[in-house]
Amino acid sequence: MRLFQLIRCEFIKNFSIKRLIITSIVLSLCCFGLIKFEEFYGGGKEITEPLSINQFHKEYEDAKKKYSKLDRVIVDGLFESYDEVKPVYERTYQLIGDTDNLVWQNRSLHSFAYYTAQYKALKQLKENYQNPLIKNYLEEEKIEDEYYGISHSVEPYYFSTLKRFYDKSIEEIDRELLFLEKNVSLLKESLQQNAYYLSEKFAYNYLIFESEKRALPMDKPVVERYQYIIQNKIMDENDFRAVNAREYQSLFYARDSSGISTLEDGYVNMNFYYQTMRKERSKQKKITKYSMDHGLKHDLYLKGDNIDDFYLSSKNFMNLGLHLGLVIMFLSAIYHAGIVAKEHDKGTVKLLLTKPIKRKTILLSKILYLIFDTYLLWILGSFIMFLIVGFYSGFGDLFTSKLVICHDKVVEINYWLWYFKELFICGIPICCFQVILFGLSALTLSTSFTASIVSILTVFSFMIWFLISQLGLTFLSFLSYTPIPYLDYWMIRYNSRYYLESIVRENLFSNYGIVISLVVAVGCALITIFVYEKRDIKN
């Protein structure tokens, strides 16, 4: 009972409205900063250089002037191509504007220009099969291969098709024409109706056509991706269902060897790294497939060397609250570095020791106070994160289920039960650092020294993965046997690539940080209590 009274006294002694306000402001700024960083890091878009509407018109007029003297056998199809593409281009330009983002409309417009020009060129070749006029022109002029950039000019596509198919048989020309005649309209419809799935339907039909022509089977993940988008008639490529389908396909082609380039060969247990990455990818596949089948958002973060197509749900942002342990540790270094030392500085320790309470009980109450305070601050930070995320990204996703793997199957669990379970686990290394802070304060009786050492350890723990995995400072790998690399334990729970690369030499299991933190915390607490009890306190 006295132990709880002492803990209560610690809370009363350390609580103030001013401290609460300052803490809330710091946590709010950190939460907002984490959200903006995640959005910046995860929100990169591929860009291109689309033609503006004025550029398109200029190229159209330039082509007419440049080729007006050529025989119509050669250029009839070119001008027909421009006339076909022009209204579609203008309609699409009005829709998406002069954007440099690689949106699907840009890609579809490029494909429409390319395949329309190819279709018209093939018609010319068929109607004028092996006409010497065409052959002479192709031999006299230097015709470049088609430009595969995101340009909507049809001229290079048209002439390169003439060059590529002039010597082909009529059967080959007919086969290409038949496919284009049936399918190019899909691209036009996709742009006119602003329907993403029609663009994907064209791509899917083209893959089938090419695989049949080459007698090669299509990969199952590719087929599933296109069929899912087409069957669900998904209108927007940023619809989370479409992203799920593309993510699922990408996971089958992700490499195991992303990273570890700076680690020395011959000393690294690569099997551990590969095995961990394969397990992680297997988990992601199952969760992504479940998300597809049930029309649910997940909060996997799939950005990587081979996966750059993903979405950030409100849960992704809320999960950042599990990184707040670093901030809380800094606050503790400021607030509690003198948790024992100040008792001596102010002389209150003599009054405290006159009470019929054992020293170890007093010390234990201070340790428990630091642990309780850690979790209370973290819960406060999580509440602030919840409010910011809700207003920033919406509250809806935060009240849907969390998808996890249990006994090799995907199950839906309450998100908040999962979150606070993770918070408790990620708090164990923080509590270890709190015990180290307590030990330094009790043994050195110096507030400034304790605050300095704990702050340095906190900063170093933030950098350790980067120093080992990216800068190759592998002599620091021995630190994996200390609590230092595990302070931001959510990075480890999340299987961060930096974490995996930094401990890959040691072949450690993912819960090693919890074990070492508990051992160090208990050891540090016992040593501190033993030494402090033997101390002769005269001041």
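Biologist: Let's start with the overall make-up. How many helices does the protein have?
Modeller: This is a predicted model, and its secondary structure includes two strands.

Biologist: What share of the residues is buried?
Modeller: A residue counts as buried when its relative accessible area is under 20%. Across the 539 residues of the protein, the buried share is 50%.

Biologist: Among contacts between residues at least 6 apart in sequence, what share joins residues at least 24 apart?
Modeller: Take the contacts in the protein whose partners are at least 6 apart in sequence. The share of them joining residues at least 24 apart is 78%.

Biologist: Are helices α3 and α4 roughly parallel or antiparallel?
Modeller: Two packed helices are described by the angle between their axes and the distance between the axes. Here α3 (residues 53-67) and α4 (residues 72-96) have axes that come within 11 Å and cross at roughly 170 degrees. Angles over 145 degrees count as roughly antiparallel, so the relation of α3 to α4 is roughly antiparallel.

Biologist: How many nonpolar residues does the contact of α3 with α4 have?
Modeller: On the α3 side the residues include Ile 53, Phe 56 and Tyr 60, and they meet α4 residues including Val 75, Leu 78 and Tyr 82. The contact also has one polar and five charged residues. The nonpolar residues number 12.

Biologist: Which residues is Tyr 419 in contact with, leaving aside its neighbours within four places in sequence?
Modeller: Tyr 419 and Met 318 touch the most other members of the largest nonpolar core. With those neighbours set aside, the contacts of Tyr 419 are Met 318, Asn 319, Gly 321, Leu 322 and Ser 382.

Biologist: How far apart are the end C-alpha atoms of helix α22?
Modeller: Helix α22 has 23 residues, 512-534, and at 1.5 Å a residue they should span 33 Å. Several of its residues are buried, among them Tyr 512, Ile 516 and Tyr 532.

Biologist: Is Lys 233 buried or exposed?
Modeller: Lys 233 is found in the loop between α10 (220-231) and α11 (240-251). Its phi is near 50 degrees, a positive value in a residue other than glycine. Because exposed means over 50% relative accessible area, and Lys 233 has 54%, Lys 233 is exposed.

Biologist: What is the phi of Leu 445?
Modeller: Leu 445 is found in the loop between α18 and α19, and at 26% relative accessibility it counts as partly exposed. Most residues other than glycine have a negative phi. For Leu 445 phi is positive, near 55 degrees.

Biologist: How far apart in space are Tyr 290 and Val 411?
Modeller: Tyr 290 is in helix α12 (residues 270-294), and its relative accessible area of 18% makes Tyr 290 buried. Its contacts include Leu 403, Val 410 and Glu 412. Tyr 290 and Val 411 are 121 residues apart in sequence, yet their C-alpha to C-alpha distance is 9.1 Å.

Note on methods:
Residues are numbered from 1 along each chain as its sequence is written. This is a predicted model: local features need pLDDT of at least 70, side-chain atom pairs count only at pLDDT 80 or more; totals for chains, interfaces and linings use all residues. Side-chain values use heavy atoms; hydrogens and water are left out. Axes are lines fitted to C-alpha atoms, for helices over the stretch in contact, and angles run from 0 to 180 degrees between N-to-C directions. Helices (H or I, at least four residues) and strands (E, at least two) are DSSP runs, numbered from the N terminus. Angles under 35 degrees count as roughly parallel, over 145 as roughly antiparallel, 65 to 115 as roughly perpendicular and the rest as oblique. Contact means heavy atoms within 4.5 Å. Ala, Val, Leu, Ile, Met, Phe, Trp, Tyr, Cys and Pro count as nonpolar, Asp, Glu, Lys and Arg as charged, and the others, Gly among them, as polar. The expected span of a helix is 1.5 Å times one less than its number of residues. Buried means under 20% relative accessible area, exposed over 50%, partly exposed in between (1.4 Å probe, protein chains only). A nonpolar core is a set of buried Ala, Val, Leu, Ile, Met, Phe, Trp, Tyr and Cys residues joined through side-chain atoms within 4.5 Å.
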